Amino acid sequence: PKRGLDSVQNALLALDALSKHCQESQWKWIDGLLLGGSLAYALADYQKAYEWFNMILDIDSRWVILKFYRSTVNLTPCRNVEAIANLAATEMLMNRKKDAEQHWRRAVKLRPSRFDAVEHLIGILCNEQRSKEAIAVIEYVERSLRLRKRDMSPADALHDMNDSTGIDGPPSPSARSDKPLYDYEEYPQRH
């Protein structure tokens, strides 16, 4: 029993430290937000997890608007699929099933290979006796994966497995969150 309490206390201390670091970054440190949201979720603080995952989506949305303002025509939605899927899981636990369904649909559309999102979306549809929609989702995923596999070289397929950019367009700022950054590397400058 005491060991469990220590783990919870350590997790709360870690979340507090993450909060301070994220605040210092003016809530723009996506890796920290993702980790903090996941930690809040694990601690059953679903409201905090919901807020943190939404901040990631907001950061991506602002980047899209900025790119449009600077004459880039590529208007893609937030593509941090991990944040979208985590937000959907959080919404399910907050009894916001319709919102969760929409976010899982978005995650599946952006990355059909994200099988946890596919599984949850199909689960919602089947539990609501919407099997035709579930079959349509499965067919979409199969078709998308088949098309991507056919059009890729083996090297591209391996790279794609580690790519968080979604199925269309250049990576968003949050796509860097899934890739390691070494001390000798710097983030590319955005103009």
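Read along the sequence, this protein follows the pattern α-α-α-α-α-α-α-α. In other words, the protein has eight helices and zero strands, where helices (H or I, at least four residues) and strands (E, at least two) are DSSP runs numbered from the N terminus. What you are looking at is a predicted model, in which local features need pLDDT of at least 70 and side-chain atom pairs count only at pLDDT 80 or more, while totals for chains, interfaces and linings use all residues. Residues are numbered from 1 along each chain as its sequence is written, and side-chain values use heavy atoms, with hydrogens and water left out.

Let's begin with confidence. The pLDDT is the predictor's confidence in each residue, from 0 to 100. The protein averages a pLDDT of 77, and 65% of the residues score at least 70. Two stretches deserve a careful eye. Over residues 71–76 the pLDDT stays under 50, and the model has seven contacts for them beyond four places in sequence; contact here means heavy atoms within 4.5 Å. Residues 157–191 also have a pLDDT below 50, with 53 contacts in the model beyond near neighbours in sequence.

Now for the overall build. Of the 191 residues in the protein, 36% are buried. Buried means under 20% relative accessible area, exposed over 50%, and partly exposed in between (1.4 Å probe, protein chains only). The protein exposes about 12,100 Å², and carbon and sulfur atoms supply 56% of that area, as computed by the Shrake-Rupley method with a 1.4 Å probe. Among contacts between residues at least 6 apart in sequence, 58% join residues at least 24 apart.

What holds the middle of the picture? In soluble globular proteins, nonpolar side chains tend to be buried together. Here the largest nonpolar core has 37 residues, and those with the most contacts inside it are Ile56, Trp104, Val108 and Val137. Such a core is a set of buried Ala, Val, Leu, Ile, Met, Phe, Trp, Tyr and Cys residues joined through side-chain atoms within 4.5 Å. At least two residues of this core come from each of α1 (2–24), α2 (30–42), α3 (46–69), α4 (81–93), α5 (97–110), α6 (115–127) and α7 (131–150). To see one of its members at work, find Val137: leaving aside neighbours within four places in sequence, Val137 is in contact with Arg105, Val108, Leu121, Ile122 and Leu125.

The buried residues of α4 include Ile84, Leu87, Ala88 and Glu91. The end C-alpha atoms of α4 are 19 Å apart, which agrees with the 18 Å that its 13 residues should span at 1.5 Å a residue; the expected span is 1.5 Å times one less than the number of residues. Just after α4, Asn95 takes a positive phi of about 60°. Helix α5 has 14 residues and reaches 20 Å from its first C-alpha to its last, close to the 20 Å expected. In α5, the buried residues are Ala100, Glu101, His103, Trp104, Ala107, Val108 and Leu110.

Not counting residues up to four places away in sequence, His103 touches Leu57, Ile84, Leu87, Ala88 and Glu91.

Finally, visit the loop between α1 and α2, where Gln26 and Trp27 lie. Most residues other than glycine have a negative phi, and most peptide bonds are trans. Yet Gln26 has a positive phi of about 60°, and Trp27 likewise has a positive phi of about 60°. Gln26 counts as exposed, at 57% relative accessibility, whereas Trp27 is partly exposed at 26%.The structure holds two aromatic pairs, meaning rings of Phe, Tyr and Trp (its six-membered ring) with centres within 6.5 Å; planes under 30 degrees apart count as stacked, over 60 as edge-to-face and the rest as tilted. Trp27 and Trp52 have ring centres 5.4 Å apart and planes at 75°, so they pair edge-to-face. This pair links the loop between α1 and α2 to helix α3, 25 residues apart.
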